[in-house]
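Subject: Handover of a structure and notes on its contents

Dear colleague,

Please find below the structure that I am handing over to you. My notes on it follow directly after.

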Amino acid sequence: MPTARSLAAIGWGLGTSRLKHTYQRPAWRLAVTVLMTAFLWVPYFLDRVATRGLWPALQGTTPEHGQEQSAWALRAIRAHQNAVENLAIFVAAVLVAYALQISTPVTRAAVAVYFVARLTHYIVYTLGVPL
């Protein structure tokens, strides 16, 4: 894990402690968003275990195998895939802002809004709420 001192050595200096505290918030929110996206597969995997059994659930990793899967779980798979696809763009944008030491209330709010929007999208899409 890079420290503030090692980041300063490669040109990512954080300056004052106030700036250091300011930059930690988007980085923390980025980490939480990445972890949330990483664990969005758990509900549909549990559905696979419930409908197929443990060993068959571990063997077939894609829904295209023609095996049983609940309708909500198929929607959860698609919502998770969408979250993963968008995560690359989000991470790049946050890291560029971090490297350029851009941290305003707007950028911090944008990171928080992205997290809430991704979580809301996953829940609404998985539940099949008509919009």
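Leaving aside neighbours within four places in sequence, with which residues is leucine 87 in contact? Contact here means heavy atoms within 4.5 Å. By that rule, leucine 87 is in contact with Thr33, Val34, Thr37 and Tyr114.

Before I continue, some notes on the source. This is a predicted model, in which local features need a pLDDT of at least 70 and side-chain atom pairs count only at pLDDT 80 or more, while totals for chains, interfaces and linings use all residues. Residues are numbered from 1 along each chain as its sequence is written, and side-chain values use heavy atoms, with hydrogens and water left out.

Confidence

The predictor's confidence in each residue is given as pLDDT, from 0 to 100. The protein averages a pLDDT of 80, and 75% of the residues score at least 70. Confidence is lowest in helix α1 (residues 4–9), with a mean of 46, and highest in helix α6 (residues 105–127), at 93. Over residues 6–23 the pLDDT is below 50, and this stretch has 22 contacts in the model beyond near neighbours in sequence. Where pLDDT is low, the predicted coordinates should not be read in detail.

Overall architecture

The protein has six helices and zero strands. Helices (H or I, at least four residues) and strands (E, at least two) are DSSP runs, numbered from the N terminus. Read from that end, the elements run α-α-α-α-α-α. Among contacts with a separation of 6 or more, 72% are accounted for by residues 24 or more positions apart.

The protein has 131 residues, of which 27% count as buried. Buried means under 20% relative accessible area, exposed means over 50%, and partly exposed lies in between (1.4 Å probe, protein chains only). The accessible surface comes to about 8,400 Å², and 70% of it belongs to carbon and sulfur atoms. These areas come from the Shrake-Rupley method with a 1.4 Å probe; for residues, only the protein chains shown count as cover.

Leucine 87, with which I began, is found in helix α5. Leucine 87 is buried, with a relative accessible area of 14%. The C-alpha atoms of leucine 87 and tyrosine 114 are separated by 9.9 Å, although the two are 27 residues apart along the chain.

Alanine 83 is also found in helix α5. Why does alanine 83 count as buried? Alanine 83 counts as buried because its relative accessibility is 3%. Not counting residues up to four places away in sequence, alanine 83 touches Thr37, Leu40, Tyr114 and Arg118. Between alanine 83 and leucine 40 there are 43 residues of sequence separation and 8.8 Å of space, C-alpha to C-alpha.

Leucine 95 has its place in helix α5 as well, but counts as partly exposed at 39% relative accessibility. The C-alpha atoms of leucine 95 and proline 26, 69 residues apart along the chain, are separated by 9.3 Å.

Aromatic pairs

A search of the whole structure finds two aromatic pairs. Rings of Phe, Tyr and Trp (its six-membered ring) pair if their centres lie within 6.5 Å; planes under 30 degrees apart count as stacked, over 60 as edge-to-face and the rest as tilted.

The rings of tryptophan 41 and phenylalanine 45 have centres 5.8 Å apart and planes at 70°, so this pair is edge-to-face. Tryptophan 41 is partly exposed, at a relative accessible area of 35%. The rings of phenylalanine 90 and tyrosine 114 have centres 3.9 Å apart and planes at 5°, so this pair is stacked. The latter pair links distant parts of the chain, with phenylalanine 90 in helix α5 (residues 71–99) and tyrosine 114 in helix α6, 24 residues apart. Phenylalanine 90 is buried, with a relative accessible area of 9%, and tyrosine 114 counts as buried at 18%.

The loop between α5 and α6

Glutamine 101 is found in the loop between α5 and α6. Most residues other than glycine have a negative phi. Phi of glutamine 101, however, is near 55°, a positive value. Glutamine 101 counts as partly exposed, at 36% relative accessibility.

Yours sincerely,

A colleague
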